[in-house]
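Try each task before you read its solution.

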Amino acid sequence: GLYLLLEREEFHAEIDSGGVIRQLPAAGESVKQGRRIAVVLSLGPERSVVPELAGERVRQARIALSGAGLAVESVTHVSHERVERDVVIASSPVAGSPAVAGEKVQLLVSLGPEPSRYLLPDLSGKSLDDVRRHLRLFELPLSRVSYRSVDEARPGVVLEQTPSPGSRVDRETSIELVVSSP
């Protein structure tokens, strides 16, 4: 002898579609016959779709996920020869996958191409001009040159180097030389 009044429907992360979220009067209360019972029914979890994130900068990907009601769970960085730094390579779940609002998405993000690495040769005994040309050719920075007076060495010749011969170096490596005084 009671009447059901559907007040509204709304999304609910934990109650399946068609389930009662709330009712008034509350369950267990005594009511008179013929009374209306107002209910709010669940539409189930809010659904979304993982947006296309590949090719987007990380910041833009976060904004797109937020707009879709999703969030970033983790970001993994890897070197990639063709994708520039801070650009999304892929996501998991993949673009177009159905998702529940609030679901977390993992991003794979590029560090850009891995820098070229070289074995630093023994530069001692070579002229400073030749060493500068050699380092420029491989885009290696010469960060510091200091001079030392040595009687038996010809002027402008490398006496010492840091890092040592045989070390792996790249464009980020700081190369320092000690050269005989002119």
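**Exercise 1.** Find how strand 1 and strand 3 pair, and name the bridge partner of Glu9 in strand 3.

*Solution.* Start with strand 3, residues 36-42. This is a predicted model. Strand 1 and strand 3 run in the parallel sense and share 7 bridges. Now look at Glu9: Leu41 in strand 3 is its bridge partner.

**Exercise 2.** Work out the strand order of the open sheet formed by 3 strands, and name its edge strands.

*Solution.* Reading across the sheet gives the order 1-3-2, with mixed pairing. Next, look for strands that pair on one side only: these are strand 1 (3-10) and strand 2 (20-24). Neighbouring strands here are turned against each other by 25° on average, direction ignored.

**Exercise 3.** Which residues of helix 1 are buried, and where do they lie around the axis?

*Solution.* Pick out residues under 20% relative accessible area. In helix 1 these are Val58, Ala61 and Leu65. They sit on the same side of helix 1 because they cover an arc of only 55° around the axis. An α-helix has 3.6 residues a turn, so residues three or four places apart point the same way. The face turned away from the buried side carries exposed Arg59, Ser66 and Gly67.

**Exercise 4.** What do the buried residues of helix 1 pack against?

*Solution.* Their packing partners are strand 5 (71-78), strand 6 (88-92) and strand 8. Take Leu65: beyond its neighbours within four places in sequence, its contacts include Leu53, Val72, Val105 and Leu107. Leu65 is also among the residues with the most contacts inside the largest nonpolar core, which has 13 residues.

Key:
Residues numbered from 1 in each chain as written. Predicted model: local features only at pLDDT ≥ 70, side-chain atom pairs only at ≥ 80, totals over all residues. Heavy atoms only, no water. Pairing = 2+ DSSP bridges. Helix = DSSP H or I, 4+ residues; strand = E, 2+ residues; numbered from the N terminus. Axes fitted to C-alpha atoms, helices over the stretch in contact; angles between N-to-C directions. Core = buried A, V, L, I, M, F, W, Y, C linked by side-chain atoms within 4.5 Å. Buried < 20%, exposed > 50% of the residue type's maximum accessible area, 1.4 Å probe, protein only. Contact = heavy atoms within 4.5 Å. Arc of directions from axis to C-beta.
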